[in-house]
Amino acid sequence: MEFLTDNIAQTLLILGVIALIIEVAVLGFATFVLFFVGLSLVFSGALMYAGLLDASWITALWVNAIITAGLAALLWKPLKRLQESRESTDVHSDFAELTFTLEQDVDEHNGYKYAYSGIEWLVKSKQPLSKGSQVKVVKKDVGVFWVELQ
């Protein structure tokens with residue numbers, strides 16, 4: 001315990017890094033509380049290590065409370081917006097280059113099973129396509145190839 005009281009700045013830095021690791025690696029940046037506390041601990045530990053703050057637990061408590069509140073007030077909305085804004089983009093893959101001949105008629109509601117790469121895919125189309133048409137895969141969903149005329 002004497003080690004902690006003699007090395008407050010280093011203790012705060014270590015605790016801050018641990019809090020940041022837990023927030024990012026374990027929680028996946030889902031909550032911001034540990035992020036703000038971790039940054040606060042790192043900042044206050046660095047300020048104490050540089051000699052700009054008195055190295056005492058009372059100072060550490062008040063400085064961390066103030067820095068945590070300031071970071072939360074300053075960064076909460078931008079981080080929340082960043083967390084919520086997710087654009088849905090189609091992933092370009094080898095499936096998008098796949099072409100084949102239809103073995104049955106397909107449309108948006110009726111499809112058929114097509115074996116490709118060891119998996120049975122349901123083939124569907126936004127417009128009705130007849131058997132024997134040469135098609136290409138334009139989109140894939142879970143277990144579904146969406147095709148259109150080539």
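**Reading a helix-then-strand chain**

Colleague: Leaving aside neighbours within four places in sequence, which residues is V144 in contact with?

Modeller: V144 is in contact with W121, L122, K124 and K139, once neighbours within four places in sequence are set aside. Keep in mind that this is a predicted model.

Colleague: Where does V144 sit, and is V144 buried or exposed?

Modeller: V144 belongs to strand β5. Its relative accessible area is 13%, under the 20% cut-off, so V144 counts as buried. As for distance along the chain, V144 and Y112 are 32 residues apart in sequence, while their C-alpha atoms lie 9.8 Å apart in space.

Colleague: How do I read the order of elements from the N terminus on?

Modeller: The chain has four helices and five strands. From the N terminus on, they run α-α-α-α-β-β-β-β-β.

Colleague: What does the radius of gyration say about the chain?

Modeller: The value is 28 Å, well over the 15 Å that the globule rule gives for 150 residues, so the chain is more spread out than a compact globule. The C-alpha trace spans about 80 × 30 × 20 Å along its principal axes. Buried residues make up 30% of the 150 residues. Of the contacts between residues at least 6 apart in sequence, 45% join residues at least 24 apart.

Colleague: How should I look for nonpolar cores?

Modeller: The general idea first. In soluble globular proteins, nonpolar side chains tend to be buried together. Here, the largest nonpolar core has 13 residues, and the members that touch the most others are F100, L102, Y112, Y114, V123, F145 and V147. Strands β2, β3, β4 (134–141) and β5 (144–149) each give two or more residues to this core. Apart from it lies another core, of eight residues, including F32, F36, I67 and L79.

Colleague: Which residues does L102 touch, not counting those up to four places away in sequence?

Modeller: On that count, L102 touches Y112, V123, L129, S130, K131, G132, S133 and V135. Two of these, Y112 and V123, are also listed with L102 among the core members that touch the most others.

Colleague: How do I read the buried face of a helix?

Modeller: An α-helix has 3.6 residues a turn, so residues three or four places apart point the same way. In α4, the buried residues are T59, A60, V63, N64, I67, T68, L71 and L79. They pack against α2 (8–26) and α3 (33–49).

Colleague: N64 is polar by name; what joins its side chain to that of S44?

Modeller: A polar contact of 3.0 Å joins the two side chains. N64 lies in helix α4 and is buried, at 11% relative accessible area. Not counting residues up to four places away in sequence, N64 touches L12, S40, L41 and S44.

Colleague: Where does α4 have a kink?

Modeller: The kink, of about 50°, lies at L75, shortly before the proline P78, in a helix that covers residues 57–84.

Colleague: What should I make of a positive phi?

Modeller: Most residues other than glycine have a negative phi. S117 has a phi near 55°, which is positive in a residue other than glycine. S117 lies in the loop between β2 (112–116) and β3 (119–125).

Colleague: Is S117 buried or exposed?

Modeller: Exposed: its relative accessibility is 60%, and the cut-off for that word is over 50%.

Note on methods: Residues are numbered from 1 along each chain as its sequence is written. This is a predicted model: local features need pLDDT of at least 70, side-chain atom pairs count only at pLDDT 80 or more; totals for chains, interfaces and linings use all residues. Side-chain values use heavy atoms; hydrogens and water are left out. The bend at a residue is the angle between axes fitted to the seven residues ending there and the seven starting there. Buried means under 20% relative accessible area, exposed over 50%, partly exposed in between (1.4 Å probe, protein chains only). Contact means heavy atoms within 4.5 Å. A polar contact is a pair of N or O atoms within 3.5 Å; within protein, one must be able to donate a hydrogen and the other to accept it, and residues adjacent in sequence count only if both atoms are side-chain atoms. A nonpolar core is a set of buried Ala, Val, Leu, Ile, Met, Phe, Trp, Tyr and Cys residues joined through side-chain atoms within 4.5 Å. The radius of gyration is taken over C-alpha atoms; the globule rule is 2.2 Å times the number of residues to the power 0.38.
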